[in-house]
Amino acid sequence: MRQAESSSPPCRPMAISKNMETDTETKIEACRAYARMMNTLDVSHILPLLDEKIKYTSQWVFSEINGKKDFLEYIEAKLKSISGSSDLVWAELAHTNVLGAGPCLVMVQGQKDKLVATVLIEVRDAKISEIAMCLIPTPAQCRRTGEYPK
């Protein structure tokens, strides 16, 4: 999970939709799919939900990743790297009011009490349009659920 440190600003707020209830349910399912991918190291869980123009940002990666093809190349390499590491990685379903994000994920590495990042996901037209791996909001600013989808 750790890569070159960046002086990136905090993750930007996600768009607010008029249909918040449906969007929240869809966002929770998108978060669960991302968590399943991370918890099983299997990209197939998220594949059908990815928008063709998905944008991935990380406060640990210097450049933004745009498009489904480039994101899949990046995440498949990351999953392979994690599978070869002695440090286990988990994704836990969470919620934060910071930046108006709502449903999100807390990333844990090594031990389940070692919180390393927050993942914010934006959904448009029932597809994941944006994923942001953040230090801000911090995992401590998230309400953890204890749910680690597999």
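Does Glu29 count as buried, partly exposed or exposed, and what is its relative accessibility? In this predicted model, Glu29 counts as partly exposed, because its relative accessibility is 39%, a value that falls between the cut-offs of 20% and 50%.

**View 1. The salt bridge between Arg32 and Glu29 within helix H1.** The closest N and O atoms of Arg32 and Glu29 are 2.7 Å apart. Both residues belong to helix H1, which spans residues 20–40, and they are separated by three residues, about one turn of the helix.

**View 2. The salt bridge between Glu147 and Arg32.** Here, too, a distance of 2.7 Å separates the closest N and O atoms of the pair. Glu147 lies in the segment after strand S7 (143–144) whereas Arg32 lies in helix H1, so the pair ties together parts that are 115 residues apart in sequence. Glu147 is partly exposed, its relative accessible area being 28%.

**View 3. The network of Glu29, Arg32 and Glu147.** These three residues are linked by salt bridges into a network, in which Arg32 forms a salt bridge with Glu29 and Glu147 forms a salt bridge with Arg32.

**View 4. The salt bridge between Arg124 and Glu122.** The closest N and O atoms of Arg124 and Glu122 are 2.9 Å apart. Arg124 is partly exposed, with a relative accessible area of 43%, whereas Glu122 counts as buried because its relative accessibility of 6% is under the cut-off of 20%. The salt bridges in the model come to six by count, among them the one that Arg124 forms with Glu122.

Terms used
Residues numbered from 1 in each chain as written. Predicted model: local features only at pLDDT ≥ 70, side-chain atom pairs only at ≥ 80, totals over all residues. Heavy atoms only, no water. Salt bridge = Lys/Arg side-chain N within 4 Å of Asp/Glu carboxyl O. Helix = DSSP H or I, 4+ residues; strand = E, 2+ residues; numbered from the N terminus. Buried < 20%, exposed > 50% of the residue type's maximum accessible area, 1.4 Å probe, protein only.
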